[in-house]
Amino acid sequence: MEHYARSIIPVIEYNYENFTALERTIADFFIQNKKKRDFSAKAVSERLFVSEASLSRFAKKCGFRGYREFIYQYEDTFREKKTRPFADNTKRVLDTYQELLNKAYNLADEKKFQKIAGMLTRAEKIFVCGVGSSGIASRETELRFMRIGLNINSLVDRDMIRMRAVFQNASSLVIGFSMKGETEEVQYMLREAKRRGAKCILVTARNNPDCLEYCDEIILVPALDNLEYGDVISPQFPILVMMDLLYTYCLEENKERIDAFLEDTAKALKK
């Protein structure tokens with residue numbers, strides 16, 4: 001499981017909602033394609049009945065300087081993969097985790113993690129909220145970050161999330177977990193907290209620029225279709241992966257002080 005395939009498919013997927021109808025046709029081709037072929041601008045434009053200029057605009061919306069840079073990275077998708085002698089059920093679970101880890105690898109933004117880690121260590125009080133599987137991730141995040149001395153509380157009850165929203169101020173930092181970015185209580189918490197001067201972060205699988213109206217930062221997490229059903233792996237896993245990455249950056253903010261907290265909490269947990 002040490003193999004991490006460099007892929008830009010997650011980049012395409014997380015920008016999908018921002019594409020025009022024509023750009024979605026291009027996106028669908030690259031997402032659904034499973035074999036190496038002629039990916040030159042001329043060949044693809046003729047295949048999809050689009051202009052080469054449209055391919056260039058599509059690539060730029062994905063964050064690349066142009067189509068040539070985009071296709072250079074896209075071709076990495078077709079590196080030879082090792083087969084693994086596992087039973088179908090085992091392989092299905094492990095492959096699901098591997099796919100999510102590959103996506104996390106491509107979505108991880110080190111500069112953003114460094115910035116947010118600084119925000120966390122400077123905040124006087126931190127609230128992390130979510131419902132359902134996101135609520136489970138919220139509780140785990142509280143327990144994990146509490147150990148390094150952060151004043152953090154998790155909110156998982158819908159009414160409590162709404163009530164605590166009105167008590168936020170400039171000394172607060174709020175982190176909202178919502179895979180689809182549509183949980184009403186989480187949106188309310190972030191909007192109300194932002195209006196009252198708090199720093200706000202949304203952790204989501206949807207790259208919706210409109211969320212920046214009430215969020216200082218957005219952390220994109222990997223996702224798969226129907227992951228919320230939890231029929232293969234725990235649906236909170238993608239959030240926890242990104243929180244673990246963020247945790248490592250927090251450890252570097254004030255290492256001596258944090259090491260002391262970790263030692264103290266470890267002693268407190270000993271029976």
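Predicted model: local features only at pLDDT ≥ 70, side-chain atom pairs only at ≥ 80, totals over all residues.
Residues are numbered from 1 along each chain as its sequence is written.

**Helix packing**

Helix H6 spans residues 88-107 and helix H11 spans residues 237-251. Helices are DSSP runs (H or I, at least four residues), numbered from the N terminus. H6 and H11 pack at an angle of about 40°, their axes 11 Å apart. Axes are lines fitted to C-alpha atoms over the stretch in contact, and angles run from 0 to 180 degrees between N-to-C directions. The crossing is right-handed (near helix turned clockwise from the far one by less than a right angle).

H6 contributes Tyr97, Leu100, Leu101, Ala104 and Leu107 to the contact; H11 contributes Phe237, Pro238, Val241 and Met242. Contact means heavy atoms within 4.5 Å. These residues divide into nine nonpolar, no polar and no charged (Ala, Val, Leu, Ile, Met, Phe, Trp, Tyr, Cys and Pro count as nonpolar; Asp, Glu, Lys and Arg as charged; the others, Gly among them, as polar).

**Cysteines**

The whole structure holds zero disulfides (cysteine sulfur pairs within 2.5 Å). For Cys62, the closest cysteine sulfur is too far for a bond. Cys250 is likewise in no disulfide. Cys62 counts as buried, and so does Cys250 (under 20% relative accessible area, 1.4 Å probe, protein chains only).

| Cysteine | Nearest cysteine sulfur | Relative accessibility |
|---|---|---|
| Cys62 | Cys211, 19 Å | 7% |
| Cys250 | Cys200, 17 Å | 0% |

Note on methods: Heavy atoms only, no water. Helix = DSSP H or I, 4+ residues; strand = E, 2+ residues; numbered from the N terminus. Buried < 20%, exposed > 50% of the residue type's maximum accessible area, 1.4 Å probe, protein only.
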